[in-house]
Amino acid sequence: MSLFLRDYLNVVWFGLAAIVLASLLLGIAAAIRPSRPNAQKLIAYESGVDPVGMGWSQSQVRYYVFALLFVIFDVEAVFIFPWAASIERYGAFGLVVMLLFIFLLLDGLFYAWKRGLLRWV
Amino acid sequence: MSALLAVEIPYWGQSLLRVLGGIVAVLLPAGTIVYLFLFKMMSFMQSRLGPMEAGPFGSMQLFAEVGKWLQKEDIVPAEADARIYKLAPIIVLLSTFLLVVVVPFGPDAYFVDFSAGVFYALAIGSVSVIGILVAGWSSANKYSLLGGLRAAGQLIAYELPMVLAVVGVVIQAGSMNLQDIVVAQNSGSIFGWDGVGFPFVLTQFVGFLVFMIAVQAELTQVPFDMPIAESELVSGYMTEYSGFRFLIFFIGEFATAGVFAFIASVLFLGGWGVPFSWFGWEGLDDVDNWMNIGGPLIMFTKMLVLTGIIMWVRFSYPRFREDQLQRFAWKVLIPISLANIALTAIVKVAV
């Protein structure tokens, strides 16, 4: 196995450790805690008032635009990081190109701003 | 890690040691933060003493709390999506464990030395959103759902300033490896004077501020605690959770605070290192072995200072409204951090 994959194997061990630790603690808790469910207890808690309708009621999702903008800017970050790590190799040319790139994205942000998409209505 | 120990350890032994170290690196900061800041500092700021009964000055209170939570009944609402509901706290804890993997604690005391560590940290840092969203959705409670959606919106908005603030550090260090970033800070010099090395907080102060604000928001600590606003949403996505599952959310929150503080101190405050000029070290290979013991202590101290600031802000400020919160991220922090990148790059190329 290559060294690169071996590094990521460690990540898998850490993930398993988290799951094992949580399961272990929850197992201990399950062994010693009481369990006396009744119908009243199992109603969703909404400040003492009986819930009206379903819990999965429709609500206004205001930030789908924000989510779209987020994807755009996150992709931008993916492009910026490799350049940032080897900025000296690309020199002035890379700088100009990257500033242009950042400027275009900033322009996009200002466009969204101007259109009122960043307003929380 | 093998350079530290003279004996050869088989692979499974190394992995076990790493994982045990990881558990300590997650739980120890969490416990310290909760006791020192949440129990004691908050109490003193509110003119009370805090827990005093369990152990001297209530120092055993944490263990008493765990014992208490272990005995609490675990209620799963009848309407809830039970399987996913039970999974959600584990996802949150998982993201913390995956995040601590990347933090270097000394010249050889690291778990994994990724060549693109910054990338990894920022990518894994947002996994906890999934856990929170899942918790909010599966509870089948209107408050939980609102809290989960708010959390998702907030974490998305503050993820970007955080990512962009780090770019300045990467530009200055010329590397995405966290070990390289530590070395670059400690072997650097300020106009030829190398007494304190060159911590990036000096030149990247704007980036540091943006990063810490974003961390505050990512952790949903108080000025940014819209997702769990207790006066509006009971407890947001955690409303339905009780017993030990709630405690796992709670541990996850403060463990993540500790790990983010670790990462911030690596990126901006020089990490585990002492200025290399003090001992005449040239690079990573010259660093003495005792730094593998000293490094974690230095990291722990820096982590306490940073989380102290996070908690101080938490106990001092009122909550932002949802629209103010989004406006602040998109219209203030992102333009500032983009300008910071441009300025840093220009200076770096020109000098």
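How many residues of chain A are in contact with how many residues of chain B? In this predicted model, 65 residues of chain A are in contact with 73 residues of chain B, contact meaning heavy atoms within 4.5 Å. Local features need pLDDT of at least 70, side-chain atom pairs count only at pLDDT 80 or more, and totals for chains, interfaces and linings use all residues. Residues are numbered from 1 along each chain as its sequence is written, chains are lettered from A and ligands numbered from 1 in the order in which they are written, and side-chain values use heavy atoms, with hydrogens and water left out.

**Between the chains**

- Chain A and chain B bury about 6,400 Å² between them, 77% of it on carbon and sulfur atoms; buried area is the accessible area (1.4 Å probe) that two parts lose on being put together, summed over both.
- On the chain A side, A:Phe14, A:Trp56 and A:Phe81 lose the most area to chain B, together 14% of what that side buries.
- Two salt bridges are counted between chain A and chain B, a salt bridge being a side-chain nitrogen of Lys or Arg within 4 Å of a carboxyl oxygen of Asp or Glu.
- A salt bridge joins the side chains of A:Arg33 and B:Asp74, at 3.8 Å from N to O.
- Four residue pairs, both at pLDDT 80 or more, are in polar contact between chain A and chain B. A polar contact is a pair of N or O atoms within 3.5 Å; within protein, one must be able to donate a hydrogen and the other to accept it, and residues adjacent in sequence count only if both atoms are side-chain atoms.
- Helices H1 (3-32), H2 (64-85) and H3 (87-114) of chain A each supply at least two residues of the side that touches chain B. Helices (H or I, at least four residues) are DSSP runs, numbered from the N terminus.
- H1(A) gives the largest share of that side, 19 residues.

**Aromatic rings**

- The whole structure holds 23 aromatic pairs over all chains. Rings of Phe, Tyr and Trp (its six-membered ring) pair if their centres lie within 6.5 Å; planes under 30 degrees apart count as stacked, over 60 as edge-to-face and the rest as tilted.
- A:Tyr8 and B:Tyr120 are edge-to-face, because their ring centres are 6.4 Å apart and their planes are at 65°.
- This pair crosses between chains, from helix H1 of chain A to helix H4 (residues 117-124) of chain B.
- A:Tyr8 is partly exposed at 32% relative accessible area, whereas B:Tyr120 is buried at 9%. Buried means under 20% relative accessible area, exposed over 50%, and partly exposed in between (1.4 Å probe, protein chains only).
- One aromatic cluster is formed by A:Phe14, B:Phe105, B:Phe111 and B:Phe262.

**Helix H7 of chain B**

- Helix H7 (residues 178-186) of chain B has seven of its nine residues buried, so it is largely enclosed by the rest of the structure.
- Its buried residues include B:Leu178, B:Ile181 and B:Asn186.
- Among the elements that cover the buried residues of H7(B) are H4, helix H6 (142-173) and helix H10 (243-268) of chain B.
- B:Asn177 caps the N-terminal end of H7(B), with a side-chain oxygen 2.7 Å from the backbone nitrogen of B:Gln179.

**Positive phi in chain B**

- Most residues other than glycine have a negative phi.
- B:Ala140 has a positive phi of about 55°, and lies in the loop between helix H5 (128-138) and H6 of chain B.
- B:Thr220 has a positive phi near 50°, and is found in the loop between helix H8 (205-218) and helix H9 (230-233) of chain B.
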